[in-house]
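Here is a short report on one protein model. Please keep the sequence and the 3D view open while reading.

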Amino acid sequence: MADHSKGIIRRASDGFVSWCADNSAAAKLERTVAQGVIGVAVGALAGVAGAPPVVQTLIIPVTMAVLSPIQARIGASLAVAPIVDGDSGR
């Protein structure tokens, strides 16, 4: 059951961090698919902005390569320091 005492943004961010920390095969596949979708979207935006086709093609794997360690670091931060309501992590 959802915890409605927290705001929608807090629930979404808690869910995202938990998803990044999940090392199951399903979560890894979901993250890879999400990275691909974001990469394709960035490539499409580059095309709309007038980037040459080679740049549009190269943006997709570069975006995925950048997002992967960021998501891993977010997931690792949960294992090191669990999020406490009202704690900014500082």
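Contact means heavy atoms within 4.5 Å. By that rule, and not counting residues up to four places away in sequence, A46 touches A51, Q56 and I59. The model is predicted.

**Overall layout**

The protein chain has three helices and zero strands. Along the sequence the pattern reads α-α-α. Of the 90 residues in the protein chain, 16% are buried. The accessible surface of the protein chain is about 6300 Å². Carbon and sulfur atoms account for 70% of that surface. Take the contacts in the protein chain between residues at least 6 apart in sequence: 57% of them join residues at least 24 apart.

**Helix 2**

Helix 2 covers residues 25–48. After helix 2 comes G50, with a positive phi near 100 degrees.

The buried residues in helix 2 are A27, R31, Q35, G36, G39, G43 and A46.

Q35 lies in helix 2. Its relative accessible area is 8%, so Q35 is buried. Which residues does Q35 contact, leaving aside its neighbours within four places in sequence? They are M64, L67, S68 and Q71. Q35 and L67 are 32 residues apart in sequence, yet 6.6 Å apart in space, C-alpha to C-alpha.

A46 is also found in helix 2. A46 has a relative accessible area of 12%, which makes it buried, because the limit is under 20%. I59, one of the residues touched by A46, is 13 residues away in sequence and 8.3 Å away in space, C-alpha to C-alpha.

T63 lies in helix 3, residues 53–80. Is T63 buried or exposed? T63 is buried, at a relative accessible area of 14%. Leaving aside its neighbours within four places in sequence, T63 is in contact with I38, G39 and V42. G39 is itself among the buried residues of helix 2.

| Residue | Relative accessible area | Contacts beyond four places in sequence |
|---|---|---|
| Q35 | 8% | M64, L67, S68, Q71 |
| A46 | 12% | A51, Q56, I59 |
| T63 | 14% | I38, G39, V42 |

**A nonpolar patch**

Helix 2 also takes part in the surface. L29, V33 and V37 form a nonpolar patch there. Together these three residues have about 290 Å² of accessible area. V33 sits in helix 2. Its relative accessibility is 49%, so V33 counts as partly exposed. An α-helix has 3.6 residues a turn, so residues three or four places apart point the same way.

**The aromatic pair**

How many aromatic pairs does a search of the whole structure find? The search finds one. It joins F16 and W19, with ring centres 5.9 Å apart and planes at 50 degrees, so the pair is tilted. F16 and W19 are three residues apart in helix 1, residues 8–21, so about one helical turn separates them. F16 is partly exposed, with a relative accessible area of 35%. W19 is partly exposed as well, at 22%.

**The salt bridge**

Side chains of opposite charge can pair when their charged atoms come close. The rule used here asks for a side-chain nitrogen of Lys or Arg within 4 Å of a carboxyl oxygen of Asp or Glu. By this rule the count is one salt bridge. Which side chains meet in it? They are those of D14 and K6, at 3.0 Å, N to O. D14 has 17% relative accessibility, so D14 counts as buried. K6, at 26%, counts as partly exposed.

Technical notes. Residues are numbered from 1 along each chain as its sequence is written. This is a predicted model: local features need pLDDT of at least 70, side-chain atom pairs count only at pLDDT 80 or more; totals for chains, interfaces and linings use all residues. Side-chain values use heavy atoms; hydrogens and water are left out. Patches are made of residues with over 30% relative accessible area and no salt bridge: like charges are joined within 9 Å, nonpolar side chains (Val, Leu, Ile, Met, Phe, Trp, Tyr) within 5 Å. Accessible areas come from the Shrake-Rupley method with a 1.4 Å probe; for residues, only the protein chains shown count as cover. Helices (H or I, at least four residues) and strands (E, at least two) are DSSP runs, numbered from the N terminus. Buried means under 20% relative accessible area, exposed over 50%, partly exposed in between (1.4 Å probe, protein chains only). Rings of Phe, Tyr and Trp (its six-membered ring) pair if their centres lie within 6.5 Å; planes under 30 degrees apart count as stacked, over 60 as edge-to-face and the rest as tilted.
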